[in-house]
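Subject: A structure to look through

Dear colleague,

I am handing over the structure shown below, and after it I describe what was found there. Please keep it open beside this email as you read.

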Amino acid sequence: MKKTVKKIIASLVLIGIICAAFVVFTNAYMITYAKKYILPYDDITEKQFDCIMVLGAGLWGDNPSPMLAERLDFGLMAYNSGCSEKILMSGDHGQDNHDEVNTMKNYLVNEGVDKDIIFMDHAGFSTYESMYRAKDIFEVESMLIVTQTYHLYRAVYNARKLGIDAYGFAADKLQYPIYNHIREIAARSKDFIWCIIKPEPTYLGDKIPISGSATLTDDKT
């Protein structure tokens, strides 16, 4: 009995070591891979992209959360640099009472951006799904992704592994709790696997080329 217990404990310890090693490896690899594609402002002004993607980050009532507002402000900065003529809002609109993408669009329209150049991905339920749908539904070949640095590593990695010439622009004025960073460690390991097996997202659908009209994504008219 004692030998059996020792074997079980040894097996659990070994499994724990392997899992920990996998998490450390995938995080280090993903950060190293993506870091060179994160650009300062001066560099994005010298490039052209099919679109600027802003990723959803939750709502506070009917308004963007502080994290999302920061992403939108930096997305606006990127747009004003002239690096792209299109913006792709990708977020969660899985329920009528939780509509990230229209809230994101309205935020930039109120800042003077033409509503007809803002595409909305209503089914961007995760970072991986946002990148998959950008390639498959919106036929994006190149884009600038706007989110916080700790999240950019995974976003850029996913996009590039799914065939998009992706770069990142960091929205980093605010400080975020350690929970966000811990959660991201696990998410990087999960998406490392996802980018190998490439499962389809929750929803696909008809093609809406980023080169076409953004009005095709408008569910309010």
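How many salt bridges does a search of the whole structure find? The search finds nine, where a salt bridge is a side-chain nitrogen of Lys or Arg within 4 Å of a carboxyl oxygen of Asp or Glu.

Before the details, a word on the basis: this is a predicted model, in which local features need pLDDT of at least 70 and side-chain atom pairs count only at pLDDT 80 or more, while totals for chains, interfaces and linings use all residues. Residues are numbered from 1 along each chain as its sequence is written, and side-chain values use heavy atoms, with hydrogens and water left out.

One of the salt bridges joins the side chains of Lys105 and Asp218, at 3.9 Å from N to O. Because Lys105 lies in helix α4 (residues 100–109) and Asp218 in the segment after α7, this pair ties together parts that are 113 residues apart in sequence; helices here are DSSP runs of H or I with at least four residues, strands are runs of E with at least two, and both are numbered from the N terminus. Lys105 is buried, with a relative accessible area of 7% (buried means under 20%, exposed over 50%, and partly exposed in between, with a 1.4 Å probe and protein chains only).

Another salt bridge is formed by Asp136 and Lys207, at 3.5 Å from N to O. Asp136 lies in helix α5 and Lys207 in the segment after α7, so the pair ties together parts that are 71 residues apart in sequence. Asp136 is partly exposed at 25%, and Lys207 is partly exposed at 45%.

The side chains of Asp191 and Lys190 also meet in a salt bridge, at 2.7 Å from N to O. Asp191 is buried at 0% relative accessible area, whereas Lys190 is partly exposed at 33%. Through salt bridges that share partners, Arg154, Glu184, Lys190 and Asp191 are joined into one network.

On a 1 Å grid over the protein atoms alone, a pocket is an open set of points with protein on both sides within 12 Å along at least five of seven lines, and lining residues have an atom within 4 Å of a point; the volume is the space filled by probe spheres set on the points, which are joined across faces, edges and corners. Of the 27 lining residues, the closest to the centre of the largest pocket are Gly56, Ala57, Arg71, His151 and Arg183. Helices α3 (66–80), α5 (127–136), α6 (149–161) and α7 (178–197) each supply at least two residues of the lining, and the largest share, six residues, comes from α7.

Finally, there are two backbone angles to look at. Most residues other than glycine have a negative phi. Glu139, however, has a positive phi of about 55 degrees although it is not a glycine; Glu139 is found in the loop between α5 and β6 (142–147) and counts as partly exposed, at 37% relative accessibility. Lys198 likewise has a positive phi, near 50 degrees, and Lys198 is placed in the segment after α7, where it is partly exposed at 39%.

With best wishes

Technical notes: 1 Å grid on protein atoms, 1.4 Å probe; cavity = no way out; pocket = protein on both sides within 12 Å on 5 of 7 lines; lining within 4 Å.
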